[in-house]
Amino acid sequence: MKIINIDSLLTFARSLEKEVLYTLSRQRTAFTLEVTPAGIHFTPQFSSQPRMMRRANLEAALAAFSERQSFTPGDYPETKAAGTYWLTVVQRYLDANKS
């Protein structure tokens, strides 16, 4: 099982701050992100309303991901609306760190 370190993921996420990203879902929703000391703000382009995922919630989601190894947002009900966004970042992180 792949265990992702929260600090490594946040450092990687900072490198994505200037990019427009697209969710893994069929709708391929465009969004941007901003890493803050409190966590990550995901901002969908369609609404421009940031959705905050606090660091503690992201850490719990990463622990769940290490067990479930799923990129399906519905497998993580604890992440609510941020599911499609953080999973996109996780997939990009894993793709960038293949060994």
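Leaving aside neighbours within four places in sequence, Thr36 is in contact with His41 and Met52; contact here means heavy atoms within 4.5 Å. Thr36 sits in strand E2, residues 30-36. Helices (H or I, at least four residues) and strands (E, at least two) are DSSP runs, numbered from the N terminus. Thr36 is buried, at a relative accessible area of 16%. Buried means under 20% relative accessible area, exposed over 50%, and partly exposed in between, with a 1.4 Å probe and protein chains only.

The model is predicted: local features need pLDDT of at least 70, side-chain atom pairs count only at pLDDT 80 or more, and totals for chains, interfaces and linings use all residues. Residues are numbered from 1 along each chain as its sequence is written, and side-chain values use heavy atoms, with hydrogens and water left out.

## Helix H2

Helix H2 covers residues 55-68. At 1.5 Å a residue, its 14 residues should span 20 Å, and its end C-alpha atoms are 20 Å apart, which agrees. The expected span is 1.5 Å times one less than the number of residues.

The buried residues of H2 are Leu58, Ala61, Leu62, Ala64, Phe65 and Ser66. They pack against helix H1 (6-14), strand E3 (39-44), strand E4 (51-54) and helix H3 (83-96). An α-helix has 3.6 residues a turn, so residues three or four places apart point the same way.

Ser66 belongs to helix H2. Its relative accessible area is 12%, so Ser66 is buried. Ser66 and Ile4 are 62 residues apart in sequence, yet 7.4 Å apart in space, C-alpha to C-alpha.

## Helix H3

H3 also has 14 residues. At 1.5 Å a residue they should span 20 Å; the end C-alpha atoms of H3 are 20 Å apart, which agrees. Buried in H3 are Gly83, Tyr85, Trp86, Leu87, Thr88, Val89, Val90, Tyr93 and Leu94. The cover over these buried residues includes H1, strand E1 (21-22), E2, E3, E4 and H2.

## How the helices pack

Two packed helices are described by the angle between their axes and the distance between the axes. Axes are lines fitted to C-alpha atoms, for helices over the stretch in contact, and angles run from 0 to 180 degrees between N-to-C directions.

| Helix pair | Angle | Axis distance |
|---|---|---|
| H1 and H2 | roughly 110° | within 10 Å |
| H1 and H3 | about 95° | 10 Å |
| H2 and H3 | about 60° | 12 Å |

Angles under 35 degrees count as roughly parallel, over 145 as roughly antiparallel, 65 to 115 as roughly perpendicular and the rest as oblique.

Take H1 and H2. Their axes come within 10 Å and cross at roughly 110°. That makes H1 roughly perpendicular to H2. H1 passes H2 in a right-handed crossing. A crossing is left-handed if the near helix is turned anticlockwise from the far one by less than a right angle, and right-handed if clockwise. H1 brings Ile6, Asp7, Leu9 and Leu10 to this contact, and H2 brings Arg55, Leu58, Glu59 and Leu62. By class, the contact of H1 with H2 has five nonpolar, no polar and three charged residues. Ala, Val, Leu, Ile, Met, Phe, Trp, Tyr, Cys and Pro count as nonpolar, Asp, Glu, Lys and Arg as charged, and the others, Gly among them, as polar.

Next, H1 and H3. They pack at about 95°, with axes 10 Å apart. H1 and H3 are therefore roughly perpendicular to each other. Ser8, Leu9, Phe12 and Ala13 of H1 meet Val89, Val90, Arg92, Tyr93 and Ala96 of H3. This contact of H1 with H3 has seven nonpolar, one polar and one charged residues.

Last, H2 and H3. Their angle is about 60° and their axes are 12 Å apart. That makes H2 oblique to H3. H2 passes H3 in a right-handed crossing. Leu58, Ala61, Leu62 and Phe65 of H2 touch Trp86, Leu87, Val90 and Leu94 of H3. The contact of H2 with H3 has eight nonpolar, no polar and no charged residues.

## Positive phi in the loops

Gln69 is in the loop between H2 and H3. At 37% relative accessibility, Gln69 counts as partly exposed.

Ser48 has a positive phi of about 60°, although it is not a glycine. Ser48 lies in the loop between E3 and E4.
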